[in-house]
Amino acid sequence: MTALITGSSERVTGTRLLRREDPKLLTGEAKFIDDITQQDVLYMALLRSPMAHARIDSVDTSAAMKMPGVVAVFSGADLKGDWVAPMPCAWPVTADMKNPPHYPLAADVVNYVGDAVAVVLASDKLSAIDATERIVVKYESLPVVLDLQDAASDRVLVHPDLGTNTSFVWEVTPDKAKVDHAFATAVHVVKSRYIQQRLIPSAMEPRGVLVVPQPYGGDYTVFSSTQIPHILKVMLSLTVGISETKLRVIAPSVGGAFGSKLNIYSEEVLALTLARKLHRPIRWTEERSENAQATIHGRGQLQDIDIAADENGKILAVRVNVLADMGGYLQLLTPGVPLLGGFLYHGLYDVPAYSFTCTGVFTNKTPTDAYRGAGRPEATFAIERSIDRLARKIGVDPAEIRRRNFIPAEKFPYASAPGLVFDSGNYLPNLEKALEMVGYPEIRSEQMKRRSGGSKKHLGVGLSCYVEMCGLAPSKVLGSLRYAAGGWESATVRILPTSKVQVVTGTAPHGQGHETSWSMIVSDRLGIAPDDVEVLHSDTSIAPYGLDTYGSRSLSVGGSAVFMATEKVLGKARQIAAHKLEASADDLDYKDGSFCVKGSPDKAVALSTIAFEAFTGHDLPEGVEPNLEATVTWDPPNFTFPFGTHIAVVEIDEDTGATELLRYVAVDDVGNQINPMIVEGQIHGGIAQGVAQALFEEAVYDGSGNLLNPTFTDYLVPSAAEYPSFELGSTVTPSPTNPLGVKGVGEAGCIASPPAVINAVVDALSDFGVEHVDMPASPEKIWTAIQSFRRSR
């Protein structure tokens, strides 16, 4: 199942075809939420709590109602009866998981700064925002808990009714005795603690929603800047109590997401609720500072990881305990995010014994949820930092310690200790290619030269080898993990009478280039031009079935569904062609858009002829229905497992602690590549975000639970000036899991880059006795570590 079958003499897949999505984006023709015009619309604004934990004593909306342009004002208490269910959490990871009810507006208690308590509807946006300032809320302050260990102690309870801050404890320990024995007999044990700081996703465009009630029939059209229009439709129906048949969800241009729009948000539920209540269109667009508090945060973990190894550094066991920050409530996937990494803390190493325990705890902070990589960056960081520490402890090069521990190529498919089956892999050539590209011996030589010469510009090189699981499936496996949705994807391919092709996909792209890639897949198989293929998506009335886009699933699941639907429709065309040519279907070849009888190339019929014949239905084989259309729902048998090696080279100024990223080399293996340019673009973006976590970004709170850096003035999102040109390479190990032989790529760069950079930073500081620097590795942290070493001498 790894060959890309083509019906064309010149393949399109594998070429660097320009993205067809880009002209609209670059010329301002793309339609975002605010570009959608609507008459008689009301603008929605929310009053958010300035306190991290407080009881709501009263909400006085009278002054706000008197403001010019204001049509309605509601508190949480006013709308209590308008919802049939609380905000959804789709991943109850354990049977006893604690999930306190969470509604779009808090009515009794607020649990983080930014928790919404009232909503204003007005004839224009500024009037709505101004009116929120006239709402008077009396709060009774309650104690706050922000630190993860403090939260785990239950000293202060976020939700007193639960009796604990612990939402769940989830464990993967196939053989505890084996783990205990490995640590008891190990020659080397490395114990480490790492902090995964909170991150603010910071998509280019903030969130927005427009709900338009239709004049008759009780139907509603919901425009939302979401990654998940199909899932949103289902959850809105269940939460608001409107029949799913009455809802149409459209995701226009989204403006970036990175997991932050993989959610069901209060504002979407509120807008639909109020559109029903007032019979008016409702519009809301998020402000940037609002985004920092009310959109989910990423990461937020305290990781303890222990490695047991023999005298040669061969890893015998990995033992992990994670404290995961849930924030004030559980959002759609909050508890499941750390589990996505829970199977991968051994990395791409052949580890016979494994134990992972995650404890999810509530704090008085913004809820966390999926952010690019979702659990996989956290796991990769922990193992890749730890294996570097193991290398230092036994006195071998970081590259060599990895060679000694890689899963051998002959062991694939590989049954991992925590229970996954890695479908494919060939790690050593990937590492060697990256080392060659970066010039590893030369860098080490330059590093020694600087050190012996007393340079104050310290060179460091850091490796990161990663494997991830993506294209989450099959649905039965997700069900066994208590995930509420499946892992399948749907696609329809129809060849129109004029031989142009429509593809309807259940994926919902927001920057991944699906229109381009899907057209390339169909183009190759049918032997037609990519421009003759139109891809329709992100509208639940056009594409009624789908599970949308996240977790690097789209190509391996959605793209495979497109390929299989194309095969299916081509099979029907083959039957009609055989009838026209008076031949057996098995005796036909298909190439360059025509069927011909094997050995008789002159006896042929074009696909365009077949398409029109299928439309007219004048002369079809017995039992064959008119029109060329096929739908496939593909539920893969396994995940896919991309892997790679990333190498960072940094220079640290001893006097200031400033770090400059000099070079960055990435060699990724994502299986067969449909469009290498799109692959490289995804890797570029992921590296940029991962480096940002390593060196720049962190959501910082004060002791009262106030977010101190909610704007780009204070939250350090790096620009292109902070990066070198990335040097990319690849190896190709096709996945046997799907017919295209592809794997996911959207999160690879974000998974690999944080440990590569921090390993490089620590390597540069090794002469100062520094063993670790927490992310983000700011100049202040690095300078302080250097000064601490000097004082200790």
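Modeller: Happy to! Let's start with the second largest cavity, whose lining takes at least two residues from each of β13 (298-309), β14 (315-327) and α9 (337-342). Helices here are DSSP runs of H or I with at least four residues, strands are runs of E with at least two, and both are numbered from the N terminus. Please keep in mind that this is a predicted model, where local features need pLDDT of at least 70, side-chain atom pairs count only at pLDDT 80 or more, totals for chains, interfaces and linings use all residues, and side-chain values rest on heavy atoms, without hydrogens or water. Residue numbers run from 1 along each chain as its sequence is written.

By cavity I mean a set of points, on a 1 Å grid over the protein atoms alone, where a 1.4 Å probe fits but cannot get out; lining residues have an atom within 4 Å of a point. This one has a volume of about 70 Å³, a volume being the space filled by probe spheres set on the points, with grid points joined across faces, edges and corners. Around it you'll find, among others, Arg-299, Gln-301, Asp-325, Met-326, Thr-334, Asp-369 and Glu-378. The lining splits into four nonpolar, four polar and four charged residues. In this count Ala, Val, Leu, Ile, Met, Phe, Trp, Tyr, Cys and Pro are nonpolar, Asp, Glu, Lys and Arg are charged, and the others, Gly among them, are polar.

In total, the structure holds eight cavities of 30 Å³ or more. The largest has a volume of about 120 Å³; of its 17 lining residues, His-102, Tyr-112, Ser-266, Ala-294 and Gln-331 are the closest to its centre. Its lining has eight nonpolar, five polar and four charged residues. Domain 2 (33-142 + 206-254 + 261-294) and domain 3 (298-472 + 638-792) each contribute at least three residues to that lining, with the domain bounds coming from an automatic or database assignment.

A nonpolar core is a set of buried Ala, Val, Leu, Ile, Met, Phe, Trp, Tyr and Cys residues joined through side-chain atoms within 4.5 Å; buried means under 20% relative accessible area, exposed over 50%, and partly exposed in between, with a 1.4 Å probe and protein chains only. Leaving out residues up to four places away in sequence, Met-44 touches Val-119, Leu-121, Leu-270 and Trp-284, among others, contact meaning heavy atoms within 4.5 Å.

Finally, some backbone details. Most residues other than glycine have a negative phi, and most peptide bonds are trans. The bond from Phe-412 to Pro-413 is cis, with omega near -5 degrees, and Pro-413 sits in the loop between α11 (398-405) and β16 (414-415). Phe-258, not a glycine, has a positive phi of about 60 degrees, and its 28% relative accessibility makes it partly exposed.

Definitions and conventions:
1 Å grid on protein atoms, 1.4 Å probe; cavity = no way out; pocket = protein on both sides within 12 Å on 5 of 7 lines; lining within 4 Å.
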